[in-house]
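Please set out, for a reader who works with coordinates, what can be said about the architecture and ligand surroundings of the structure shown here.

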Amino acid sequence: MHEVDIVANTVKTWLGNPISRNLLRWVSKRTEKGSNLESALKKYAGEQKKLSLQEKLAYAIVKLALDKGSESFGVSKEQLIESLKNPIVRRGIANILEGIGYYGVQRPQTTAAPFLMVWNFTKQCNLRCKHCYENAEPKPAPDELTTEEAKKAIDDFANAGVVALSFSGGEPLARKDFLEIAKYAAEREFYVSVASNGTLITKATAQKMKEAGVQYVEISLDGFEKTHDMFRGIPGAWKRTVEGIKNCVEVGLDTGVATTATHYNLKEIPKLVEFIENELHAKRFIVFNFIPVNRGKEIVDQDLTPKEREELLDFLYSKFIDNDRKLDAFSTAPQYAVTSYKFAFGPVVATHFTNRAASEMLKGRTKSLTEFIGGCGAGRLYCGMEPNGDIEPCVFIPIKVGNIREQSLVKIWRESTVLKQIRNRDFFKGCGECEYKYICGGCRARAYAYFNDLQGPDPGCSINQKYWEKLVETQNINISF
Ligand code: SF4
Ligand code: SF4
């Protein structure tokens, strides 16, 4: 048996058996004072506090699980203790352990609550992007959450155990209360990030974002000036976006640059990587999959072919493993996990959720961890929220599974039939028969956009070539450019 299978089996034996699951469920039960799991994790991290009898018992269970888990994944106890001193890491581990207690050990894993919430904070935007999945407008929607409702939603996410909160849009900075809400979220110990078009980020705003507790800023840049301005619909946007990126870097914000790959910009990407690394000095380059939803439907013919996508992911991976580079290169395409997996002993790539340092640490444990994280995280590790509080499996999947004004996030997460459907990969068409289904799973948003079927094939992958060809035939998609 290969080392990675031994790791997976050990974790399954220790944490997946019914007795451990029941104990984990008991430990993670929440009271008004928090859960015993929280105090046990704090104790493990070295916090000196007198524990009640119940907490002592919880601590013994959690200690055993953590000792065994760290041993299996090759992480030293000292490293684990150091990491657990960070409240965001503690919340993450609690979410995973509670998820194992509730759902059992799965391939890939579902967490107790979304690890990441992407919040389309407003419909308002000052640009007119061709591919906008939100149909953003110059004005906000009339039914957006108020400031007080937004804070209430954040409280609910904290109680659920959500770890990371990403503000997106529209343009999140277009809302006047953005900094107030971001600060509120940071004070509630979320990992706070922002996805922005960058045009409103002056040096002063970047500084205020940093002071509010924003930890990561991701700014969209779709190519060089001519391409970007054509794509974004406003002349002069490129210059302001580049200024915004530089401002974030200069004040010391962790800054990434995001590009949606289409036929408009595919050929520019290699030069763009150089520009971002050497001129803008951002730390991360992330390529977004194009998903034909809302305004994006109008440019469906600009989608990459499976072959083009595969070549692009190979190119990005070659940049990612190049140790002379300071730039981390990623893609939200779940097939990126397959690209990395093909280099069997290379770093693990978890698409949306990792960085180079973490990947280095996890080297050699590629299979078990990629299967744990599982590529597409929609409805399993992550979900989206619209400006009016509607919850969706992913911001690119316009299916309402609940509303935060009416239900708690945990209730929606546990009871939604749509989310249950999206978690079960064995019934997916195309992707369900693929050997990489637990590593990748295909982008569910693309399956839904192209086939109106959440369990349909992701046609952007060469293994699903026949479905792509069918689309080209029936929907007149242009495969050459
Ligand atoms: S067929 Fe589906 S699951 Fe397999 S690699 Fe392609 S997109 Fe991923
Ligand atoms: S459906 Fe999955 S892969 Fe596609 S954008 Fe959403 S989270 Fe990413």
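## Criteria and model

Two strands are said to pair if DSSP finds at least two bridges between them, while helices (H or I, at least four residues) and strands (E, at least two) are DSSP runs, numbered from the N terminus. The model is predicted, and local features need pLDDT of at least 70, side-chain atom pairs count only at pLDDT 80 or more, and totals for chains, interfaces and linings use all residues. Residues are numbered from 1 along each chain as its sequence is written, whereas chains are lettered from A and ligands numbered from 1 in the order in which they are written.

## Overall form

The secondary structure of the protein amounts to 20 helices and 12 strands, and the C-alpha trace spans about 65 × 50 × 45 Å along its principal axes. For 481 residues, a compact globule would have a radius of gyration near 23 Å, and the 22 Å of the protein agrees with this; the radius is taken over C-alpha atoms, and the globule rule is 2.2 Å times the number of residues to the power 0.38. Of the 481 residues, 52% are buried, a residue being buried if 20 or more other C-beta atoms, placed from the backbone, lie within 10 Å of its own, exposed if 12 or fewer do, and partly exposed in between.

## The sheet

An open sheet of mixed pairing is formed by 10 strands in the order E9-E8-E7-E6-E5-E4-E3-E10-E11-E12. Its edges are strand E9 (328–331) and strand E12 (402–403), each of which pairs on one side only.

Within this sheet, strand E3 (residues 116–120) has 5 of its 5 residues buried: Leu 116, Val 118 and Asn 120 point one way, and Met 117 and Trp 119 point the other way. In a regular strand the side chains alternate between the two faces of the sheet. E3 pairs in the parallel sense with strand E4 (residues 164–168) over 5 bridges, and Asn 120 has Ser 168 as its bridge partner in E4. The chain passes from E3 through helix H7 (residues 147–160) to E4 in a right-handed β-α-β crossover, meaning that, with the strands pointing away from the viewer, the path from the first strand over the helix to the second runs clockwise. E3 is also joined by 4 bridges to strand E10 (residues 382–385), again running parallel, with Met 385 in E10 as the bridge partner of Trp 119.

Elsewhere in the sheet, strand E7 (residues 254–260) runs parallel to strand E8 (residues 284–288) and is joined to E8 by 5 bridges, one pair of bridge partners being Thr 260 and Phe 288. E8 in turn runs parallel to E9 with 4 bridges between them, and E8, helix H13 (residues 306–320) and E9 make a right-handed β-α-β unit.

## Helix H6

Helix H6 (residues 87–103) has 17 residues, which at 1.5 Å a residue should span 24 Å, in agreement with the 24 Å between its end C-alpha atoms; the expected span is 1.5 Å times one less than the number of residues. Because 12 of the 17 residues of H6 are buried, the helix is largely enclosed by the rest of the structure. The residue that follows H6 is Gly 104, whose phi is positive, near 85°.

## Ligand surroundings

Ligand 1 is surrounded by 15 residues, of which the closest are Cys 431, Cys 434, Cys 440, Gly 442 and Cys 461; a residue counts as near a molecule if its C-beta atom, placed from the backbone, lies within 6 Å of it. This shell around ligand 1 divides into 8 nonpolar, 5 polar and 2 charged residues, where Ala, Val, Leu, Ile, Met, Phe, Trp, Tyr, Cys and Pro count as nonpolar, Asp, Glu, Lys and Arg as charged, and the others, Gly among them, as polar.

The residues around ligand 2 include Cys 376, Cys 394, Cys 443 and Arg 444, and by class the shell around ligand 2 has 8 nonpolar, 2 polar and 1 charged residues.
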